[in-house]
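Here are some notes for a colleague who is opening this structure for the first time. Please read them with the model on screen.

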Amino acid sequence: MPGILTQAAIDDPALRAAYLHCRRTVRRDDPVEYSIMQLMPPLLRPACWAMWAAFSAADDLADAPAGTTATRTAQLKAWTTALEDELTAGHSDDPVRRALIDTMHRWRLDLADLRLSFATLDGDTRGRHLHTWEQWSVWVGDSNLSWATQSMTLLARAGIPVPVWLRRKDSYQRYLDGLYLTDTLTDLAQDLARGELNLPTQVLDQFPDAADHLTARHWSPAAGALIAHLTGQARRWLDQPGLTSTLHPGPAELLSTATRLFHARLDAVQAAGPALLSRPAVPAPFVRWRILARARTRGALAWRLTPLSATPHGSSPGYALPRQTRPPSKFQPPAPHPSGARPPTIPASRMPRHVAVIMDGNGRWATQRGLPRHEGHRAGAEGATRDVICGAAEIGLAHLTLYAFSTENWKRDTEEIAFLFESIRNQLRTYANDKEELGIRIRWAGSAVGLPQDLIEELLQAELRTRHRTGLCVTVCINYGGRDELTRAAAQLARAAAAGDIDPDHVSDTDLARHLTWPDTPDVDLLWRTGGEQRISNFLLWQAAYAELHFTDTNWPDIDRRDLWQAITEYSVRQRRHGAAPAADSSKDGTVAHRACH
Ligand code: IPE
Ligand code: IPE
Ligand code: MG
């Protein structure tokens, strides 16, 4: 093992001891997880141990059986605060944090990416009430996604890119759900000892009395039926077709071995019966050995295909350096417009929830001034886009969606395209890295096909890093086309129908909407296009079905937040009917009761 530390250039004796401490913790507390880490390239294994041990230490504080909610919350906060402070100082006396800090510096990981997991743990100290599988899945994602993503970032930093679709696929989230449900079943005894049963009421209600029996540690036919149902569910989620196809053989081997090991865990759950109530269900060592022996050989071969580098790849400075600031608990208003203008007061019932903007006219703005087109894009991004985002936050808008690059914009010359991408990168850095205090969440809608890998990486990082923010949600549409989004949603539905998960005779619009990129976003209330053209150019075809349209002649670089406020003011007096006949009171309110929203 010290050989691995030497290979990973970890020379300092105290640091080596810290990493070995983490390794012992993983091996002792989760031998299956440890075996999976053994399939990572040796160079990256110490980082995996450190990340796992850190998460586990924080998780233990959140779950500590002794103490009140307040003490658990305080202990977890003290731990994460210490980590933030020590990360700045670059040193910790705690072995787990010492190894984690070294990992973060060495691989240029960012603590912001892990904050969501810590924040979710903090929520766990207060207890969770999960009603549906969907809520459960969001919780699983919040606590685990950033860890899974960090492992992918590690691979990318070492020179093995993991394709973007993996993280965006429904099947990937489902796979994570399968892993987590298996964990829950395996460790049921531990949860029950703490009086917890972290399953949605949706499934518990299907098996009357099962939850009470399990909590009382009484094995009954109802309890057995619930466990059998959950085991089947976990198996289905683990078996996601096509998850490893087109992956580099290294990560592919890792994922398929993890699947086999988790199925072995489920075999152990099924075999345990009543014993599941008193001790964790672990597969016999020889079962693990059999699965791993073959995987190790194949994994070692696979990693040899790509030379790995201990020097991080693909990290741009804006994203690479560890954050040194702590997030404020509440976000602040943006700087006011230089004119001193203040946002109009719009009654809450007349505020749009979602404004989408086709930011058009950059090229013409530049041409009119005898400048190259890219100067129009620069002026648009640095002036108008920035100011409109501030104005949206200032007026209290919930969702702002910006069309930055369409699937049709590839027809432009490569220099212009490269400039547009560079300008997007700069903006992402500003909002994801530096403007934490505004509480702005960034998301991306669009296709990864054809986009530069580093741009994709930055978009996903920005999403992950701002996922916890609760202020204005800015969705940037890059390589976006409404038809492309709908085609992909239709393909997902077809896949679900072919797998028997959905009945084609009962497909509803909400079924399709669930497969859009951001299904939780409300429909577009106001669609605004600048630059004088009156068309929607393949933008948000589904979401804008009932949008109020607003066209203005000004080219985008000459726009500022006051134009947004004007658009919202005009919207606020429009009468929206959604197909209903005009009613006396609806004309007063400007809306009708049943606003379509998914
Ligand atoms: C909008 O401005 C920006 C993008 C489409 C990326 P244009 O570049 O389309 O500007 P015009 O329409 O040519 O003036
Ligand atoms: C729409 O503008 C796309 C964006 C603003 C990103 P275009 O300028 O590309 O649209 P058309 O070609 O005039 O319809
Ligand atoms: Mg245009």
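Predicted model: local features only at pLDDT ≥ 70, side-chain atom pairs only at ≥ 80, totals over all residues.

1. Residues are numbered from 1 along each chain as its sequence is written, chains are lettered from A and ligands numbered from 1 in the order in which they are written, and side-chain values use heavy atoms, with hydrogens and water left out.

2. The shell around ligand 2 includes Ile 358, Met 359, Asp 360, Tyr 403, Ala 404 and Phe 405; a residue belongs to it if one of its heavy atoms lies within 4 Å of the ligand. Strand β2 (residues 399-406) supplies the largest share, three residues; helices (H or I, at least four residues) and strands (E, at least two) are DSSP runs numbered from the N terminus. By class, five residues of the shell are nonpolar, two polar and four charged. Here Ala, Val, Leu, Ile, Met, Phe, Trp, Tyr, Cys and Pro count as nonpolar, Asp, Glu, Lys and Arg as charged, and the others, Gly among them, as polar.

3. Oxygen atoms of ligand 2 lie 2.6 Å from a side-chain N or O atom of Ser 537, 2.8 Å from one of Asn 409 and 3.3 Å from one of Arg 412. Taken alone, ligand 2 exposes 390 Å², and the protein buries 77% of that (Shrake-Rupley method, 1.4 Å probe).

4. The largest nonpolar core has 99 residues, of which Phe 118, Leu 181 and Leu 214 touch the most other members. Such a core is a set of buried Ala, Val, Leu, Ile, Met, Phe, Trp, Tyr and Cys residues joined through side-chain atoms within 4.5 Å. Helix α4 (residues 45-63) gives the most to this core, with 12 residues. The core lies between domain 1 (1-132) and domain 2 (159-309), because both give residues to it; the domain bounds come from an automatic or database assignment.

5. Is Arg 576 buried or exposed? At 3% relative accessibility, Arg 576 counts as buried (buried is under 20% relative accessible area, exposed over 50%, partly exposed in between; 1.4 Å probe, protein chains only). Arg 576 sits in the loop between α24 and α25 (584-589). Its side chain makes a polar contact with the side chain of Asp 525 at 2.9 Å, and reaches the backbone oxygen of Tyr 546 at 2.8 Å. A polar contact is a pair of N or O atoms within 3.5 Å; within protein, one must be able to donate a hydrogen and the other to accept it, and residues adjacent in sequence count only if both atoms are side-chain atoms.

6. Thr 554, in the loop between β6 (548-551) and α24 (561-572), counts as partly exposed at 33% relative accessibility.
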